[in-house]
Amino acid sequence: MSVGNSEKRVDAYEKVTGRAKYTGDFVHGQMLVAKILHSTIANGIVKSMDITEAEKIPGVVKVFTCFDVPQNQYPTAGHPWSTEPAHQDISDRLLLNKRVRIFGDDIGAVVAEDEVAATRAIRAIKVEYEEYTPCVTIEEGLKNTEHPIHDEHPTNVLKHHGFELGNYEDAIQEKKLLFLEKTYKTQSVQHCHIEPAISYAYMEGGRIVVVSSTQIPHIARRVVAQALGLPWGMVRIIKPYIGGGFGNKQDVLYEPLNAWLSTQVGGRCVRLEISREETFASTRCRHAINFTMTTAFRPDGRLVARKLVAYSNQGGYASHGHAIVANAANEFKQLYQDEKATKADAYTVYSDIAS
């Protein structure tokens, strides 16, 4: 490729003619269908589940609850693996969750012969909860710590970091400085890719094969293995054309659960496709962040010093976690050249919303 030349994309012909095959294009009627049971509370504990009626529905192969899954915590972020524990993504996910941390948390699953049977079974499951006060804002996450969203983080602060160039407090002592302080808030944003999260999994030659609409096949392979407690070589990920992702599918979504479900039904092929509503409620979104910026400047407009305090509303699970607001703080540093000092503090706070 050279500058100034018009080059054809290698996948252009297949996409514009409709020949490109996406994950859903490989789905056929012989696959089993999986559906997920989502929590109807935002914060609490699943005390019990009654699956008796669900198991009686014709076409239901198996019903699973949060009490059945392996207790292997795993990360989901699309970051490369590090052998340094301090540099590894936070492992705070399970395949299904007894501890409910967001409205719509994954607490059960059904595998059935068809979608109708799977949907009926999900509706037939009875759940008993112990409910806690939900924390849906940053302020509530910092205040309501009687029942931390994750026990490993009793203050609900996932991480804090800061930097200071120069000495901010000394810099603002200069006489005749003017000050401007404002708070800016960004909202959560869902990626809204056309193709929802979809995968199917089966066992072949002793290995688990997952065909998935993912942006991170190599990382998904490692995470599936971690979640199931298997060597990485026991997992194969196949990624067909992807119908949009924009970062949402740069997280591992339902590939680990789908892989495990296949192992529980004798390695048969299991399809797991979530709805648009589930995509909004139960997968990743762009974090809402509150930025409070203080600027000290002279009457001629010269910037003397700036300070940022940023709080990211992480949601119930770490995902890409502190990297988001940390990068925002780094960009704050790059925006302008301060004469004397630049200071930033960034916090990532767990809350009971989708992350």
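Contact here means heavy atoms within 4.5 Å of each other. The structure is a predicted model, in which local features need pLDDT of at least 70 and side-chain atom pairs count only at pLDDT 80 or more, while totals for chains, interfaces and linings use all residues. Residues are numbered from 1 along each chain as its sequence is written, and side-chain values use heavy atoms, with hydrogens and water left out.

Start with the overall picture. The chain has 9 helices and 15 strands, taken as DSSP runs numbered from the N terminus (helices are H or I with at least four residues, strands are E with at least two). Its C-alpha atoms fill a box of roughly 80 × 60 × 35 Å along the principal axes. Of the 355 residues, 50% are buried, where buried means under 20% relative accessible area, exposed means over 50%, and partly exposed lies in between (1.4 Å probe, protein chains only). Among contacts with a separation of 6 or more, 80% are between residues 24 or more positions apart.

Now for a pair of helices. Two packed helices are described by the angle between their axes and the distance between the axes. Helix H6 (residues 217-228) packs against helix H7 (residues 255-264) at about 55°, and the axes are 9 Å apart. That angle makes H6 oblique to H7; angles under 35 degrees count as roughly parallel, over 145 as roughly antiparallel, 65 to 115 as roughly perpendicular, and the rest as oblique. The axes themselves are lines fitted to C-alpha atoms, for helices over the stretch in contact, with angles running from 0 to 180 degrees between N-to-C directions. The crossing of H6 past H7 is right-handed, meaning that the near helix is turned clockwise from the far one by less than a right angle.

On the H6 side, the residues that meet H7 are Val 223, Val 224, Ala 227 and Leu 228, and their partners in H7 are Glu 255, Pro 256, Ala 259, Trp 260 and Thr 263. Sorted by type, this contact has 7 nonpolar residues, 1 polar and 1 charged (Ala, Val, Leu, Ile, Met, Phe, Trp, Tyr, Cys and Pro count as nonpolar, Asp, Glu, Lys and Arg as charged, and the others, Gly among them, as polar). H7 is largely enclosed by the rest of the structure, because 8 of its 10 residues are buried. Those buried residues include Leu 257, Asn 258, Leu 261 and Ser 262. Just after H7 comes Gly 266, with a positive phi of about 75°.

Next, the cysteines. The disulfide count comes to 0, with a disulfide taken as a pair of cysteine sulfur atoms within 2.5 Å. Cys 135 is in no disulfide, and the nearest cysteine sulfur, in Cys 285, is 17 Å away. Cys 135 is also buried, at 1% relative accessibility. For Cys 192, the closest cysteine sulfur is again that of Cys 285, but at 11 Å it is too far for a bond. Cys 192 is partly exposed, with a relative accessible area of 43%.

Finally, two single residues. Arg 286 sits in the loop between helix H8 (276-282) and S13, and is partly exposed at 48% relative accessible area. Not counting residues up to four places away in sequence, Arg 286 touches Gln 187, Ser 188, Val 189 and His 191. Ile 324 is 38 residues from Arg 286 in sequence, yet the two are 8.8 Å apart in space, C-alpha to C-alpha. Asn 290 belongs to strand S13 (residues 288-297) and is buried, at 14% relative accessibility. Leaving aside neighbours within four places in sequence, Asn 290 contacts Ile 138, Glu 139, Tyr 184, Lys 185, Val 309, Ala 310 and Tyr 311.
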